[in-house]
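Hello,

Here is the structure for your work, with notes on an iron site and a helix pair below.

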Amino acid sequence: MNNFIDYNNQRFHFLWLRDHCPCSDCRHPSGQRILETWQLDADIKVESYEITETGLEIRWAGPQQHLSHFSAQYLLANSYDKPQIPTENIHTWGAELTGNLPSYDYNQVIARDDVKGQWLDAVTKYGIALLKNVPTEPGTILQVVDLFGYVRNTNYGELFEVISVEQAVNLAFTPIPLSLHTDNPYRNPVPTLQLLHCLEKADRGGVTALTDGFRAAEILREQNPQAFNLLSTQAVTFRFSSADAILEHTACMIELSANGEISAIRVNSRSLAPLNLPFDMMQSFYAAYQELTAIIQGSACKVTLTLDRGELILFDNQRVLHGREEQAVGPRHLQGCYADRDGLRSTAALINKRQQS
Ligand SMILES: O=C(O)CCC(=O)C(=O)O
Ligand SMILES: [Fe+2]
């Protein structure tokens with residue numbers, strides 16, 4: 001006897017169906033599961049079932065004769081055994097985005113739900129969006145985060161001042177150029193979003209460089225699969241220490257999801273701890289690391305721009321690398337802060353739902 005039901009040419013295991021029973025004994029009105037999967041009989045049997053106009057009705061075998069009714073809509077939306085279509089609309093980019101970053105006007109974003117939705121969707125799609133005409137009142141960056149989520153507080157504070165200071169604890173707080181990097185790979189969990197808001201622009205220099213790390217890693221995968229394999233399987237350690245924080249995390253520079261997709265990038269020359277790898281791997285690991293970073297810094301991938309007063313970039317810190325080129329001459333003041341993707345995605349999904357209704 002089969003252990004599944006064929007519904008409209010989609011097969012559903014008995015066990016899957018029992019586990020997804022939507023009745024009020026099995027599901028809370030919130031939609032959350034009440035039944036405990038571990039308590040189900042893995043060989044559960046069906047007493048009888050009927051394909052009706054509205055869906056599927058099942059009477060389960062056993063003393064309780066439990067009944068389940070599934071709507072056609074639910075079964076259609078949740079049928080399995082088909083290629084998983086990526087739900088996220090990710091569009092990788094290179095230098096062609098120079099002068100062309102997805103850009104939104106702050107006043108429109110705060111006035112219009114649809115524009116706010118477009119701004120947030122752009123961050124998911126491209127990993128970055130530029131906001132213009134943000135008031136240069138210090139601290140406004142925190143109000144920008146309030147538009148979509150929650151500030152991620154760290155040892156650098158709720159927000160941090162990117163200005164040149166004496167005895168800086170971090171190269172970011174000097175006028176020195178910074179090679180393209182993701183922030184805080186020494187932290188776990190790492191802040192998944194970063195914001196940088198320009199309050200004052202240097203007379204010269206202080207140019208912002210940006211690279212889509214997903215594109216760079218894809219290029220490496222194509223041009224040198226062995227190098228890609230090393231960077232996505234050999235973990236390295238990143239470390240930061242100051243008077244008030246000692247942070248360390250060990251993970252791969254290229255992180256892959258279970259189905260082999262590039263899911264996160266960690267590159268930060270300043271905070272890479274001494275490499276500790278098998279002796280015979282060291283030379284080839286360096287070659288792979290140099291090849292990836294050459295792609296990241298290369299002109300095919302990199303976008304440069306000089307942030308003007310009132311401009312703010314919001315970007316995915318596990319995907320888009322940022323850097324600073326040319327020593328800043330004259331006062332320059334950015335405010336930075338971290339936030340997380342969950343809040344952004346949730347706000348975007350709520351807006352999309354509102355737009356559809
Ligand atoms: O000064 C800049 O443009 C970037 C600074 C930076 O990388 C940071 O604060 O994370
Ligand atoms: Fe940074």
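In what follows, contact means heavy atoms within 4.5 Å. This is a predicted model, in which local features need pLDDT of at least 70, side-chain atom pairs count only at pLDDT 80 or more, and totals for chains, interfaces and linings use all residues. Residues are numbered from 1 along each chain as its sequence is written, chains are lettered from A and ligands numbered from 1 in the order in which they are written, and side-chain values use heavy atoms, with hydrogens and water left out.

Helix pair

Ala216, Ala217, Ile219, Leu220 and Gln223 of α6 are in contact with Glu291, Leu292, Ile295 and Ile296 of α8. By class, this contact has seven nonpolar residues (Ala, Val, Leu, Ile, Met, Phe, Trp, Tyr, Cys and Pro), one charged (Asp, Glu, Lys and Arg) and one polar (the others, Gly among them). Helices (H or I, at least four residues) and strands (E, at least two) are DSSP runs, numbered from the N terminus. The axes of α6 (residues 213-223) and α8 (residues 279-297) come within 9 Å and cross at roughly 130 degrees; axes are lines fitted to C-alpha atoms, for helices over the stretch in contact, with angles from 0 to 180 degrees between N-to-C directions.

Iron site

The iron ion (ligand 2) has His181 (NE2), Asp183 (OD) and His322 (NE2) as protein donors, 2.1 Å from it; donors are N, O and S atoms within 2.8 Å of the metal (3.2 Å for Na, K and Ca), and sites may look incomplete because water is not among the atoms. Their spacing along the chain is H-x1-D-x138-H. Asp183 lies in the loop between β9 (178-181) and β10 (193-200) and His322 in strand β18 (residues 320-325), so the pair ties together parts 139 residues apart in sequence.

Regards
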